[in-house]
Every structure is written in C-alpha cells, then in structure tokens.
Amino acid sequence: MKQIAFFKKITQTNLILLTALFLVLFDNYTFFVNLTKVYPLGENFGFVVSIVFVLYFFHVLLFSLISTRWSIKPILITILLVSSLTNYFMNSYNVIIDDSMIRNMMQTNIDESMDLLTLNQVLYFIFLGLLPSIYIYKVEIEKRSFKQEIISRLKLITVSIGVIGAIIFLFSKYYTSFAREHKPLRFTVNPGYWIYSTGKYINKTFNSGPIVVKPIGKDAKVIKSSDNNRSKLVIMVVGEAARADHFSLNGYKRDTNPLLAKENIINFTNMSSCGTSTAESVPCMFAIYDRGDYNYKKGITTENVLDVLKHTGDIAILWRDNNSDSKGVALRVPYESFKTSKTNSICIEGECRDVGMLQGLDKFIERNKGKDILIVLHQMGNHGPAYFKRYPKAFEKFKPTCKTNQLEACTQQEIINAYDNAILYTDYFLDQVIQFLKKYEKNYDVGMIYMADHGESLGEGGVYLHGLPYFMAPDAQTHIGAIMWFGPRMSQEIGAKALRMRADKEYSQDNLFHTLLGIFNVKTDVYDKDMDILKK
C-alpha cells in the first residue's frame, strides 16, 4: 500500500523549518501577548514582525545544531510534547519555566501532579504536542549522502545566523532596549527558554561532582540556665503557599484567623520568604546561608540547622510531612510521611489532613523524656491550584468556591473564596497544635513557630500560583504568614512582651536558622545573635 501524501518523504531541513514554524505560531501566545503590551502593535509593527522572524530563525538554528539524522525525530517530538505543556501552564497561570520551576516539578509527587491535570491541559497536549509528534514519527526522512546533508545543514545555519544578524542590525535601537530593559519577556519564549532552563538545571544538579555534605556547628552545645533546667518542647510548622495579606491577623477584611486571634500569639507582619517555590524556600529557610548567598549546590552540600541541633546530642528531632517531602532538609534526622492513610488516619477521598500529623506525637515525646524536643510539621496547607481540596466541608465558610483545578474556569472571587477557606483550616490546625502543646506546659517549656514557605498569586494581573523569579515576583508570592506562640514559662524566658513590640519589623526566613538555635539556647560558632528574632 502506498504511503498517503501527507506522510511523503521530507528532508531534515524541511522538517526543522516546519517544526520551528509550528512552534512559533502555536506555542508562543504568552510571549506575543506580553511583547505587544510593552511594544504596542500600532506604533511598533515593524519591530514586532521582526521578532517573529528572529524567533523563527533562532529555533531553526537551535534545532539545526542539536539534531542529526538519527536523533532529529526523538528530539523534535520531545520538544513538541514538552512545549505543549509549558504553553498550557504559561497561558493558564502566567508562570515562567525557569530552572527553579523545573526543580520544583522534578520534586513533585504524583498526587500533586494530578492536582494540576485539567481537560484543557489534555487538549493542549493532544493538539499541540501529540498530533504533530505523530506526523514527525510517521513521515519518512529523505535519505541523502553525508556530504549533501552537511552542505544543507551548513546553509541552514548560515542563513539563520545571517537573517537574525541582519534583522537585529536593522532594528538595533529596539533590540538594545529589548535586551537591557525587558529581560522578563525572554522568559516566555517557547521552547527556547525552557530548553535553556533545563540545561541550567542539569548543570546545577548533576555537574557538581560527588555530593559531600560539609558539617557545620559540630561544637553545638545546649546551655541550661541555673534557674531553669526544664526541657523544651517546640513544634515548628512549615506552611504551604500562605500569603500574609489573607490573614485577618494582618488586617485582611475576612476573618480567616478566628481561633488564633483568641490565643496569645505573636504575629510577624513583615516576614519575607527566601524563594517563591517549595523546592527553593524550604531548604533555604533551614540553611545557614541568607537568600542572597543561598543556591542549590550550597544547600545540598552543607548541613542545616536540624543537623546543628542534632550535634548537641541533647535535642530529639522529628520531621513529619503531609506535603511532597522535606526537600532534603530532613535527610539526617528521623522522618515520617503522613501523605497516606497508612500513617495518617484523617484522610478523606485521598486527601490527608494536616491535623493528622498530631496523632502519635505523645509517644515520641514519651520516648524522649528528659530531652529537649523539636518537631517539624510540613503542611499541605494552601497547595494550589486545587484549593477546594485543602479543607473539610465544614470549613467552607466563604462561598461560592472554585471547585476545580482549572482556575481559568472560575471567577477570581471563587478562587479567592476557596483559598481563604484553606487559610481558615490552617487557622484551625495551628490552634490544634497550640492546644496539643498546652497539655505539656506542666513538664515542658512549650512553643510553636509557624512560617509559610512562600506566598501565592490568585489572579492579580493574570498571575496564578507561585514560582516566578524572585526579582519579578509580586509581594503576594514573597510576603508570607508567620506566627509564634509560647507557653507562660517560655514567654517569660524569651521576653514575649518585648518581642511582640518588634513583631512589625522586617524579618525573613534568613532569621530562622539562628532563631531555632536561640530558642534551645544552643551555643555554637555558627550562631549569630543579631539574626535571632527572639533576641533584642
């Protein structure tokens, strides 16, 4: 049977030209929308058209350099499939696929991935990824001699470089400002930017040689005061995607913190995150490095504050997780996952509740009687986009709610309602932590620290979720909820009244490392009193 005309033979050059054209026309909607906002089409028509050609020949050049006769099909198919998904996420949520976002995706578990799955995503994948990939898979590549192929490829590369160079020369005034003043526009070029980001991610992750973890704080020692020899019991709650301006404690118009408002809490109104994603913020907030000095390599090759506390030999540590995982923070301390009903008995329809992490803690405390204790609880919190899953039905106070993970199908108010209900449930969970700690006030000095990992965009300016590069992220993604609560004896020891007076000062997750050391009175060379929130 003769092959149908649609799948007739095609040269490598024509396949590259055709694929690049398809990607520029159908997978760069977000880029061109953002471009025409900065350069309105009416007065910048020539420049905008020139960008189309530069983008086209840039990808032609890229594909020409990275593909051979034997690899061209798998490379182009992979690019089409991935680009269809990046196109969906950029169009739907205004996110940027940089190396931090790729790291976040690589560390996401299957449950979190399913939360993001929508019908629109499937349609993008089918029509912009799968169908053109089937064409590439079935079409026959015309066989030419090695010499012919080399000459053809060199011509293609030369023409591409020539056209790009000529266009940039003709519109040099525009391209100078485009390169210097509008760098974020390039972040939405598809697939060019995600390919670059993937290379950057691989280089950071796998091109660092053997991972050798540098010990810090080996001299750590707990110093007990002469007038207080009681053990301490502290629960650190790592929140998820909780932006500060949706806490009624911070003046939000809705009462999202009714239970915490009744407790003698200390609310930090100006707390900033270290990053805009869980994969970046969680290891950074426990690291000795501040945000400006932290990077992934330093994070995985340097011990964190939990290790320093462990070095004392006098502090029992436990990490419980109802999120994806600890992002490497708890690799060297006891760790328990509470993501399934095997460990968490409070699970409904596959969604395990944060409050379930409190079950069985009494046994851990009993086993470590006589020691100081730090328990870290990593929340599911306000993990999006399926905010409606993050709370039981009884907490659906704000209505109507967005009951789908396809945020574009909901009004902004419906999204906000679901998000606020999840904040309301966090209020309940934190109150349950406080009530749990109150049971131990007779025998322990007790305290709770709550700090969200990052914030969340809820449609402001068309931006959703989180993960934008820090320099361009809105306050909604970096200004986070942060709260402390202490029992009577610990309140007296740390000077809670004075601490409350300075709770409106600017703090960040950079302070956590030294604050945890300070709360346990740990003496070590790596402790910086000036970075300890509890110290004046």
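Trainee: In E6, which residue is the bridge partner of tryptophan 319?

Mentor: Tyrosine 335 is the bridge partner of tryptophan 319 in E6. First, the ground rules. This is a predicted model: local features need pLDDT of at least 70, side-chain atom pairs count only at pLDDT 80 or more, and totals for chains, interfaces and linings use all residues. Residues are numbered from 1 along each chain as its sequence is written, and side-chain values use heavy atoms, with hydrogens and water left out.

Trainee: How do I read strand pairing, and in which sense do E5 and E6 pair?

Mentor: Strands of a sheet pair through backbone hydrogen bonds, either parallel or antiparallel. Here, three bridges pair E5 with strand E6 (residues 335–337) in the parallel sense. Two strands count as paired if DSSP finds at least two bridges between them. The strand labels are DSSP runs numbered from the N terminus: E for strands of at least two residues, H or I for helices of at least four. Another bridge partner in E6 is glutamate 336, which goes with arginine 320.

Trainee: How many bridges join E5 to E9?

Mentor: Seven bridges join E5 to strand E9 (residues 372–378), and the two run parallel. Isoleucine 317 stands opposite leucine 374 in E9.

Trainee: Is E5 mostly covered or uncovered?

Mentor: Strand E5 (residues 315–321) is mostly covered, with seven of its seven residues buried. Buried means under 20% relative accessible area, exposed over 50%, and partly exposed in between, with a 1.4 Å probe and protein chains only. Look at the two faces of E5. Ile315, Ile317, Trp319 and Asp321 are buried on one side, and Ala316, Leu318 and Arg320 are buried on the other.

Trainee: What is the strand order in the open sheet of seven strands?

Mentor: The order is E3-E14-E10-E2-E9-E5-E6, with mixed pairing. Strand E3 (266–267) and E6 stand at the edges with a single partner strand each, so one side of each has no neighbour in the sheet.

Trainee: Which strands does H12 touch?

Mentor: H12 packs on the sheet and touches strand E2 (231–239), E5, E9 and strand E10 (444–452). Its direction makes about 160 degrees with that of E2. Contact means heavy atoms within 4.5 Å. Helix H16 (residues 412–438) lies across E2, E9, E10 and strand E14 (482–486), running at about 165 degrees to E10.

Trainee: What about the open sheet of three strands: what is its order?

Mentor: The order is E13-E4-E15, and the pairing is mixed. E4 and E13 pair over two bridges in the antiparallel sense. Methionine 271 stands opposite isoleucine 480 in E13.

Trainee: Now disulfides. How many are there?

Mentor: A disulfide is a covalent bond between the sulfur atoms of two cysteines. The cut-off here is a pair of cysteine sulfur atoms within 2.5 Å. By this rule the count is three disulfides. With the bonded cysteines numbered in sequence order, the pairing reads 1-2, 3-4, 5-6.

Trainee: How far apart are the sulfur atoms of cysteine 274 and cysteine 284?

Mentor: The sulfur atoms of cysteine 274 and cysteine 284 are 1.7 Å apart. Their link is right-handed, with 55 degrees about the S-S bond. Cysteine 274 lies in the loop between strand E4 (270–272) and helix H12 (278–285), while cysteine 284 is in helix H12, 10 residues apart. Both cysteine 274 and cysteine 284 are buried.

Trainee: And which cysteine is joined to cysteine 347?

Mentor: Cysteine 352 is joined to cysteine 347, S to S 2.0 Å. The link of cysteine 347 and cysteine 352 is right-handed, with 100 degrees about the S-S bond. Cysteine 347 has a relative accessible area of 23%, so it is partly exposed. Cysteine 352 is buried, at 7%. Cysteine 402 and cysteine 410 form a disulfide too, with sulfur atoms 2.1 Å apart. The S-S torsion of cysteine 402 and cysteine 410 is about 70 degrees, so that disulfide is right-handed. Both cysteine 402 and cysteine 410 are buried.

Trainee: Last, helix packing. At roughly what angle do the axes of H1 and H8 cross?

Mentor: Two packed helices are described by the angle between their axes and the distance between the axes. The axes of helix H1 (residues 12–26) and helix H8 (residues 146–170) cross at roughly 30 degrees and come within 10 Å. That makes H1 roughly parallel to H8. Angles under 35 degrees count as roughly parallel, over 145 as roughly antiparallel, 65 to 115 as roughly perpendicular and the rest as oblique. Axes are lines fitted to C-alpha atoms, for helices over the stretch in contact, with angles from 0 to 180 degrees between N-to-C directions. H1 contributes Gln12, Thr13, Ile16 and Leu17 to the contact, and H8 contributes Glu149, Ser152, Arg153 and Leu156.
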